[in-house]
Each structure stands twice: as C-alpha cells, then as structure tokens.
Amino acid sequence: ETYDSKEDPRMFQKGRPEYRSLSYDKFEPIETLSLEEGDSILQSVAVCKGSLSPGTITDYFCKLSRLPAEQHAALVSQPRFNTMCCYAVKNIELFSTSDLIDILKACVRLVVPPTHPLLNACENEFCRRVWDMNLDQVLLVADCWRCLERSVPSYLSILFSYANMHWKDLTLPQFVQLVYIVGEGRRSPVDLTQKVESMILKYLNSFTLEEVGAICLGLFKSLSGISDHVMRKIADRVSLQMEDMSTYALVNVLKMLRYARMDHLPLLKELGKVIPARIPTVNIQGIMHITLTCSSLHYFDEGVMAAVAYCRCKDAAKFLWSFGCLDYEPPNEEEFYSSLIEQMHRKLHEFRKFPEHLLTGLLGLAFVKRYPEELIDYALRHEFVQKTRGSKYELKKDLFTLGKSVEIECPSYQGSRLPPQLYQEITEMVLNFAEQEIYVRPEIVEATSLLESMLGGPEYVKNHMILPHTRSSDLEVHLAMDGRPIPFNVKDLAADKKLRDIGVSLTDDLMTQLIKGRSNSQSPMEVGNEARTPGQDRGGEAQTPCAGDRAALSGGALIADTRVQAEPKSGLVLKPPPSLTLNRQPRGVKLAIQVSNRNHYCYCSKRLLGLHRLKRRQLQQLGYVVVEFPFWEWFPLLKRTRLEKLSYLHYKVFDPAL
C-alpha cells in the first residue's frame, strides 16, 4: 500500500452519494479543455478588460480548470490569468454564493497556491456570508480550503458556531464531514464535545466502517477527549467487524484507542487474528501505528510483532522503541536490528531536525542490550544535547537514561558523555518527583514500614532510587553472610518521620483500585511516571487485569537474558560484559527489592517491560540481588493481617536461595 496524506483520510466520502454536495470530488469526471480553447479565453480576458461580468468570470475559471493537469502551473503564473483574478477580487461582492463556490473548486483543480490574493478575498467573503449559506455549502467550502491546504482558523470558528446552532438538523453524512473538518483543522471546539459524543452514540450502528475510522481520526487529530463509555462502544463494534474493515480505517481506530488509554481486550485479540496476514500489504505508517498501539497499551502479541519484523522498516526509531518496550526479539532478530541500525545511520540528517526520534530508537535498543557506539557518541555530544533543548518534548530524562545505561553496561565506551552538571540537574528533578509521587505510594509505604519493623528500624531499610535513570524506586536491604540484617541507612530520622507523615491511608476504595486496576479518573500525570515512552507517544499503564486471558498473552516469568550481540553493517555495537557474579560480597548481600505494579508489565501478563528489564539487569551488574514483591502477590496481601504480610516479607527477604 502507498499512503496519501491528503486523499486517504477522505476515503469515507466514497461510501454515500450525499457526500458529493458536502465535499470536493477530485475524481469527478470532467471534459478536458483544449489548449486552443484555453488560449482563446485568456485572449478574451485581455480584450474585454474590466467589462467581464461575474457570471462570465466564473465560467472562465471553470473552463480553464479543465485544461490538462500539466498546464495548470503555467496557467496560474500567466499575467492574463492574474488579470482575471484581479477582476474577480475587485468585484467579489457581486458574485453569487454558488458562483464563488465554483471559483473556489476551480482553484482546487488548478492547485492555486494557498496564499494567492484571490483566496484571501474569497476567505474574507465566505466568512461574511456564512450565516446566509446552507450547511452543505458551509461544509463544502471548508472542504475546499482543506484541499487547497490553506489554514482558515476564522472560517472554522464561524463554521463551528454555525454547526452548534443547527446541531439538531445535522444528517449523518454532515456530522461525519464536520468531524473530518475538525480533525483536519487540528482544532477541538470545546462546546461541541458532549454533542459529538451524543451524535456518535445515535448513529453508531448506522455508520459505515470507513466512517467509524474517519470519526476516530478526526477526534485523534484534534486531540478531542472522548469518554471511556463512547470509546468502548466504538471498540465493541470494531471488534465484531474487523475482518470487513479497511486497514486504514482500523489504524485510525487504534490511534484513538491509544489516545484514550483504552484496554479493550476483545478488539486487541481480534487484532492479533486479523492483522498478521495483512502486514505485508500495509504501508509503513500503518505498521508503525499498529506496533505503537501495542507498545503504548503494553499489549504483547507475538503474531503481530513477528509479522512486523519481516517488513521493510523506514520509521526505525518507533519500531525499535515498540520492540524494546515489549522486550521482544523476533526470530530474525540479527537481520531486524542490523537493518534498523543501518536505517538510523542513513537518517542521521533527519534526527538533527527531530532529535527525539534518535533518543527513542537508542532507548529501544538499550532495552534489549544493544548499543550502537557511533550513534550514541552523536547523541551524547554537546551539539546534539543543545538541539534537544529546542524540541517540543522533554528529553532530559531520555538523555539521562541513555547516558547512565552506557556507563553501566558499556565500560569500554570511549565516546561522548553528558556533563556532570546535567546529570546532577536531572537527578535532582527525578528525585524530587519521586519524593512526591513514588515513595509515598501506599504499597511502597506499607512494605517499607513492615520491613523496618521486621529488621529492627529505619536504619536497615532505604526507600530510594538506586538507579534514578530508570525512574522507579527500590527498597534497599543489606544482609550479612549469616543472614543478619546490616544497618546502613544513616539518614536523618526526622526526615524519615516527615516521609511517614505524608503517607497515604489504606482505605477500602484505594485497596480496591490497587487490586482491580486504577480509577478511570486518574490524571495523566499519575500514569506511567515510572516507565514513560520517549518521543511523541508517552503513556502509562494498561488497566484491568485479566487472569483468565493470560493463556492468550505471554504469561509466566521470563528466563534470564542470554542474548548474543551482533555487529551491524554500519557502526560498532558495544557488547555489554556478562553479568557480574557479585551477588555475594565479602560482607554479605545487597538486596534491591522491587515493589512492582501493573505499569511494569505487558498488559494482562507477567512479561516485564523493556525499561524494567534494563533496570534489573543493571542492578545485578552493580552487585545487587533483585527481589520482587510482584503486584499479583503483594497487592492482595495489603488487605490481609499484619502477621500474614510480615510472614510474606520474611519469606522473600530471608530466602536461603539468596
């Protein structure tokens, strides 16, 4: 498949004849005008000068727009055509509305530049006349502006007000066309949000599948919020008819599903059945959005990922992120990663303009323990770091994660490094956030308090980030060779008391949310702070656990990482040294206890996400023994007796296997 960013979003208009009066049809058959006839018209313009009537000028525009397409650019630059445009601008108030619309459609056919003076005059006149036009005309003019790629915020504002006043009169095609215009204008009229949702529910079973896709794309492009109830209704319908849906329309639904953070398992399961066979024919943008949806929702389907891995990958960074986030190495992993690293080398000029994409790709590679030295050296140079400051995304944390991961896993690396002052600045930022949002989470506060009681006091436990660049907390405990706890935390006891004072009470409601999944009202800031996606799509955790469906996903703990590193055709890939066997130090063992949550794992699965695989690998390399209180064990225990919780902690901390 090829992708046409102008025409593909308009495919829904072919599904109903009503769209002919609402939109410009590029494929409408017209009789071609000969060059001789065109030249005769232009000669008449020169002879008649200012005596041309509005009707004649309209007729001339329509006829000239039927010249062969290869003649259009030359025509628009001709002085005689410019003279005709000047006549139209001078007398624009004398044209009827239907004549003005015909002139605008002729401009679309002729590909008149969006900043042309004639279009300036037309926009001003249409803004003045909107309230005297019917809804079909108002929508058709908006569609022509889109085809001309002209930004018309004033006209759109009036259009939205007009639609708001005539809302009850909107037909199904008019509504879909309006949502399309909203999306293409990248504007979300706040006062229409609830009305849009009501209209979606009203017509949901009557929409064609292409119209469902068009509505989702319009909402996604305009960043319009949508309630979970409406999004789930849309997903319900799509999951039942996915086989009959075009891949383009399906991808648009996936975009909105991703934006709404919607965990709709029936749709995701059906996706795993339908998409793999289609992948070889899907355009690269569609493939990217499919993998990005899976990674954003933490949903792992090996059939989808394996099918994608055999495709020609142009958008290397997002593929690397998606595969690394889901910690999946395909059967053709060496070929897959080598080709994508080569793509990144070839696209280095693009990364200079979009630095976030380079960091996205390099982090995806780091998750699966691959470090292309030349690209890392470039990403950590002062010049590139300066470029990241101009990005619309916050990239400091991504630089931090990459730089520190290279330090730990690639001791032989000799390239560029981030300056110490930048490390210090980002560390302080991360730790300040952790003090307010992570250390005080009820499951962590409870584990800390009980460990202190069991081991003998706060000096035996430290609730902190051992590796701040991995953005999640640890409970550190030291044990002697004979199993006795060793005091090591010399922090001020007053500070410890202050931390306790800002703890969270374990109410029944809170415990229900922890065990069954987070509340739908949770703010975006709270979602995914421990494992955020770099680049454009940064998100949180998948939601509801589905124990009965784990067979369909990737259940069970993962085996130890034994991957073999490859050296791609372009650039050296640094090979991390084998994990150090430092579990037992001369004075005992250091435990890095992980109080995990759903946000650390693939959706409905015990498959750890890439960032947390990276963290545990690095902790082990630094000599820590990683002990986990997995959420599926610890969260239910939070509602049990203190004795049961202490028994569990004793079993975990004093496991003889450590």
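In the sheet of this predicted model, strands β2 and β3 (residues 474-479) run antiparallel and are joined by 3 bridges, where strands are DSSP runs of E of at least two residues, helices are runs of H or I of at least four residues, and both are numbered from the N terminus. Within this pairing, Leu475 of β3 is the bridge partner of Asn463, and Glu476 of β3 is that of Lys462. The model is a prediction in which local features require pLDDT of at least 70 and side-chain atom pairs count only at pLDDT 80 or more, whereas totals for chains, interfaces and linings use all residues. Residues are numbered from 1 along each chain as its sequence is written, and side-chain values use heavy atoms, with hydrogens and water left out.

On its β5 side, β3 is joined by 5 bridges in a further antiparallel pairing, in which Val589 of β5 is the bridge partner of Leu479. These pairings belong to an open sheet of 4 strands, ordered β2-β3-β5-β6 and mixed in its pairing, with two strands taken as paired if DSSP finds at least two bridges between them. Strands β2 (462-464) and β6 (624-629) form the edges, each pairing on one side only, and the twist from one strand to the next averages 30 degrees.

In a regular strand the side chains alternate between the two faces of the sheet. In β3, Asp474, Glu476 and His478 point one way and Leu475, Val477 and Leu479 the other way, and all are buried, that is, under 20% relative accessible area, as against over 50% for exposed and in between for partly exposed (1.4 Å probe, protein chains only). Because 6 of the 6 residues of β3 are buried, this strand is largely enclosed by the rest of the structure.

Helix α25 (residues 442-455) lies across β2, β3, β5 (589-595) and β6, running at about 15 degrees to β3; here axes are lines fitted to C-alpha atoms, for helices over the stretch in contact, and angles run from 0 to 180 degrees between N-to-C directions. Helix α30 (residues 642-653) also packs on the sheet, where it touches β3, β5 and β6, and its direction makes about 155 degrees with that of β6, contact meaning heavy atoms within 4.5 Å. The side chains of Lys645 and Glu446 meet in a salt bridge, with N to O at 2.7 Å. Since Lys645 lies in helix α30 and Glu446 in helix α25, the pair ties together parts that are 199 residues apart in sequence. Lys645 is buried at 7% relative accessibility, and Glu446 is likewise counted as buried at 18%.

The structure holds 27 salt bridges, each defined by a side-chain nitrogen of Lys or Arg within 4 Å of a carboxyl oxygen of Asp or Glu. One of them joins Glu329 to Arg370, the closest N and O atoms being 3.5 Å apart. Glu329 lies in the loop between α17 (316-325) and α18 (333-346) and Arg370 in the loop between α20 (355-367) and β1 (371-372), so this pair ties together parts that are 41 residues apart in sequence. Glu329 is buried, with a relative accessible area of 13%, and Arg370 is buried at 2%. Glu329 and Arg370 are also linked with Glu333 and Glu334 in a network of salt bridges. A further salt bridge, between Arg346 and Glu342, has its closest N and O atoms 3.7 Å apart; both residues lie in helix α18, separated by 4 residues, about one turn of the helix. Glu342 counts as buried at 15% relative accessibility.

Aromatic pairs number 24 in the structure, rings of Phe, Tyr and Trp (its six-membered ring) being paired if their centres lie within 6.5 Å, with planes under 30 degrees apart counted as stacked, over 60 as edge-to-face and the rest as tilted. The rings of Phe629 and Trp634 have centres 5.7 Å apart and planes at 45 degrees, so the pair is tilted. Phe629 is buried at 0% relative accessibility, and Trp634 is buried at 0%. Elsewhere, Phe300, Phe323, Tyr328, Phe336 and Tyr337 form one aromatic cluster.
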